[in-house]
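Dear colleague,

I am handing over a structure for you to look through, and my notes on what was found in it follow below. Please read them with the model open beside you.

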Amino acid sequence: MKLRDELPVDHRLAQVYRYGAGLCGVILLVFGCLGFADQLSPFNTDGSRIAGMSTNGVLSLISVVVALILIGGAVVGGNVASTVNMTVGILFVLSGFFHLFVLDRPANVLGFGMSNVMFSFVMGLLIACFGMYGRVSSKLPHDNPYWRRRHPREASRESLAARRGAAQPALTGAPGSTTAPAVRSVRN
């Protein structure tokens, strides 16, 4: 089974994925554009600050590229936005760990400071949570499309029971049913 076979095509959770990707993409786009507006040198590690974080031209470029990927995922929406959110979120968290390790070392070519590391962790977790919302949990509700896709037998059994339950009042002529009630004999 491929991953795309497990994902439902259309569901109401797509708006969460879409808005999450769009919001985080806009935040990163603003940060990257502010870096370009300041005309930073590409590999400057002296600590030029934008929005409280140290940055340089390459970090601004990376921020804009990742922002465009997130915004592209938001435009496409659905499972693509969810997958993009999870992937970018995990990469942000890994970037935070890597830059925490190379902080104040020559390998810190992006000029990361501790505020950048914290931003990477927070933004990565936020983006990943937007991507995993309603998709990854041990207790998904039974009307969730991911639960239904992972448990097809139980889902079809529940669907059949719901259809039978809806058909039962119609067969008995209960109030509010659309079928004509059965002929009843009345004693005088």
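The crossing of helices α3 and α4 is left-handed, a term used when the near helix is turned anticlockwise from the far one by less than a right angle. This is a predicted model, in which local features need pLDDT of at least 70 and side-chain atom pairs count only at pLDDT 80 or more, while totals for chains, interfaces and linings use all residues. Residues are numbered from 1 along each chain as its sequence is written, and side-chain values use heavy atoms, with hydrogens and water left out.

The axes of α3 (residues 57-76) and α4, which are lines fitted to C-alpha atoms over the stretch in contact, with angles running from 0 to 180 degrees between N-to-C directions, come within 7 Å and cross at roughly 155 degrees. That makes α3 roughly antiparallel to α4, since angles over 145 degrees count as such. Where the two helices meet, with contact meaning heavy atoms within 4.5 Å, the residues of α3 include V66, I69 and L70, and those of α4 include V84, V88 and F92.

At 0% relative accessibility, S82 counts as buried, which means under 20% relative accessible area with a 1.4 Å probe and protein chains only. The side chain of S82 reaches the backbone oxygen of G131 at 2.7 Å.

Best wishes

Notes
Buried means under 20% relative accessible area, exposed over 50%, partly exposed in between (1.4 Å probe, protein chains only). A polar contact is a pair of N or O atoms within 3.5 Å; within protein, one must be able to donate a hydrogen and the other to accept it, and residues adjacent in sequence count only if both atoms are side-chain atoms. Helices (H or I, at least four residues) and strands (E, at least two) are DSSP runs, numbered from the N terminus. Angles under 35 degrees count as roughly parallel, over 145 as roughly antiparallel, 65 to 115 as roughly perpendicular and the rest as oblique.
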